[in-house]
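Subject: Handover of the structure

Hello,

Here is the structure I promised to pass on. Please look through it first, then read my notes below.

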Amino acid sequence: MRRELFEPEHEAFRETVRTFVNKELVPHVEEWEAAGVVSRDAWLAAGAQGLLGFAVDERYGGGGVDDFRFNVVFDEELVNAGVSGFGSPLHNDIVAPYLLALATEEQKQRWLPGFCSGETITAIAMTEPGAGSDLQGIRTSAVRDGDDFILNGQKTFITNGILADLVIVVARTDPDAGHEGISLLVVERGMPGFERGRNLDKIGLKSQDTAELFFNDVRVPATNLLGEEGQGFIYLMQNLPQERLSIAVASAAIAEKVLGATKEYCKDRTAFGRPIGKFQHVRFELAEMATEVEIGRVFTDRCVQDHVRGELDIEHAAMAKWWLSELNKRVVDRCLQLHGGYGFMTEYPVAKAFLDSRVQTIYGGTTEIMKEIIGRSMGF
């Protein structure tokens with residue numbers, strides 16, 4: 001079906017992004033995978049090309065266009081090129097909304113120019129060793145001490161954790177106030193007591209730096225409080241739909257890409273004297289996946305349209321996140337099976353997709369948590 005999501009300016013932008021990705025990112029993927037981290041030069045190149053901070057006002061160096069469809073184009077082109085470790089979706093889709101909506105003018109002047117140029121790489125630290133999808137269970141604490149907060153705690157599985165210069169940390173500022181005792185503090189590279197653990201060894205997304213972060217009596221100035229004290233949980237709930245939609249967008253793109261490659265493989269690969277796509281079982285497998293992927297694409301695009309209009313609610317974002325990520329997992333697994341032994345070889349894109357995309361059903365809130373959100377919205 002013809003997509004109706006984009007305008008001509010988005011398609012023109014797609015060509016710009018595709019050229020950038022193929023020139024500046026694709027040639028370095030193997031190098032970054034071996035190193036376990038993307039070069040900072042890639043971030044600077046993305047900033048110079050205007051690919052960071054689409055929605056940031058031009059006076060801070062941003063694009064000045066608040067249209068999530070530009071984010072979608074960038075995210076899709078990363079998938080199409082097989083670049084799975086560049087952390088721009090976290091930077092653009094997840095961190096940016098917090099800074100744009102909550103930062104004071106003084107904070108914006110300090111942080112946003114570097115955010116847009118690629119000199120300041122960002123992360124958000126929610127997950128802890130004992131608290132993942134249950135954000136109310138966080139134990140990282142921040143105690144007010146004059147003009148500062150004293151921050152103590154540990155975070156884990158933090159995307160961009162090694163490279164990040166600016167980390168939004170979810171911390172408990174009032175231990176007795178439940179979800180109303182959570183605040184957001186911005187920790188900057190070089191603050192005494194802020195330490196990074198190892199670059200975590202994951203089964204996929206090898207070039208994406210994912211780290212443990214430690215905060216030992218970090219003195220964070222009160223001027224680095226993001227938004228109002230005690231309102232952090234509300235801010236998280238307001239911004240999680242876009243994060244989950246971003247994951248759904250990537251999931252739909254991965255499923256489409258892998259299915260397309262598998263279709264071509266089934267045309268070329270022969271068994272018993274004919275292409276394997278000529279066998280009824282294989283045709284039916286491809287037909288089922290093509291139908292599901294098409295349905296997923298239509299729903300994802302509709303959610304993006306709703307989001308651009310400011311109408312995407314928490315429940316539909318959760319639906320998109322769990323269903324598309326599970327579809328991604330299912331399609332990639334079935335496509336790998338159709339590749340036979342070659343699907344088990346990491347030089348084949350389907351094998352890399354199998355490893356890289358497995359996390360889609362986990363981060364941003366697990367499938368089980370998404371269903372819990374939807375179920376509660378139904379009155380249960």
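Helix 7 passes helix 9 in a left-handed crossing. A crossing is left-handed if the near helix is turned anticlockwise from the far one by less than a right angle, and right-handed if clockwise. By class, this contact of helix 7 with helix 9 has 19 nonpolar, four polar and two charged residues. Ala, Val, Leu, Ile, Met, Phe, Trp, Tyr, Cys and Pro count as nonpolar; Asp, Glu, Lys and Arg count as charged; the others, Gly among them, count as polar. Helix 7 spans residues 232-268 and helix 9 spans residues 314-338. Their axes are 8 Å apart, and the packing angle is about 25 degrees. Helix 7 and helix 9 are therefore roughly parallel to each other.

A few terms before going on. This is a predicted model: local features need pLDDT of at least 70, side-chain atom pairs count only at pLDDT 80 or more, and totals for chains, interfaces and linings use all residues. Residues are numbered from 1 along each chain as its sequence is written, and side-chain values use heavy atoms, with hydrogens and water left out. Helices (H or I, at least four residues) and strands (E, at least two) are DSSP runs, numbered from the N terminus. Axes are lines fitted to C-alpha atoms, for helices over the stretch in contact, and angles run from 0 to 180 degrees between N-to-C directions. Angles under 35 degrees count as roughly parallel, over 145 as roughly antiparallel, 65 to 115 as roughly perpendicular and the rest as oblique.

Helix 7 also packs with helix 4 (residues 68-80). Here the angle is about 40 degrees and the axes are 9 Å apart. Helix 4 and helix 7 are therefore oblique to each other. Their crossing is right-handed. Which residues of helix 4 meet helix 7? They are Phe68, Val72, Asp75, Glu76, Val79 and Asn80. On the helix 7 side, the contact includes Gln242, Leu245, Val249 and Lys257. Contact means heavy atoms within 4.5 Å. By class, the contact of helix 4 with helix 7 has eight nonpolar, three polar and three charged residues.

Next, helix 1 (residues 8-25) and helix 3 (residues 40-48). They pack at about 155 degrees, with axes 11 Å apart. Helix 1 and helix 3 are therefore roughly antiparallel to each other. Helix 1 passes helix 3 in a right-handed crossing. Phe20, Glu24 and Leu25 of helix 1 meet Ala42, Ala45 and Ala46 of helix 3. By class, that contact has five nonpolar, no polar and one charged residues.

Now the strands. Two strands pair if DSSP finds at least two bridges between them. Strand 3 (residues 148-159) and strand 7 (residues 210-221) run antiparallel, joined by nine bridges. Lys155 has Leu213 in strand 7 as its bridge partner. Strand 6 (residues 194-199) also runs antiparallel to strand 7, with four bridges. Phe194 has Phe215 in strand 7 as its bridge partner.

Last, the UniProt annotations, all from an unreviewed entry.

- "Acyl-CoA dehydrogenase/oxidase N-terminal" is a UniProt domain at residues 8-119. That span is 67% helix and 0% strand.
- "Acyl-CoA oxidase/dehydrogenase middle" is a UniProt domain at residues 123-218. That span is 0% helix and 51% strand, and its end C-alpha atoms lie 17 Å apart.
- "Acyl-CoA dehydrogenase/oxidase C-terminal" is a UniProt domain at residues 230-378. That span is 74% helix and 3% strand.

UniProt positions use the numbering used here, feature names are shortened, and annotations may be inferred rather than shown by experiment.

Best wishes
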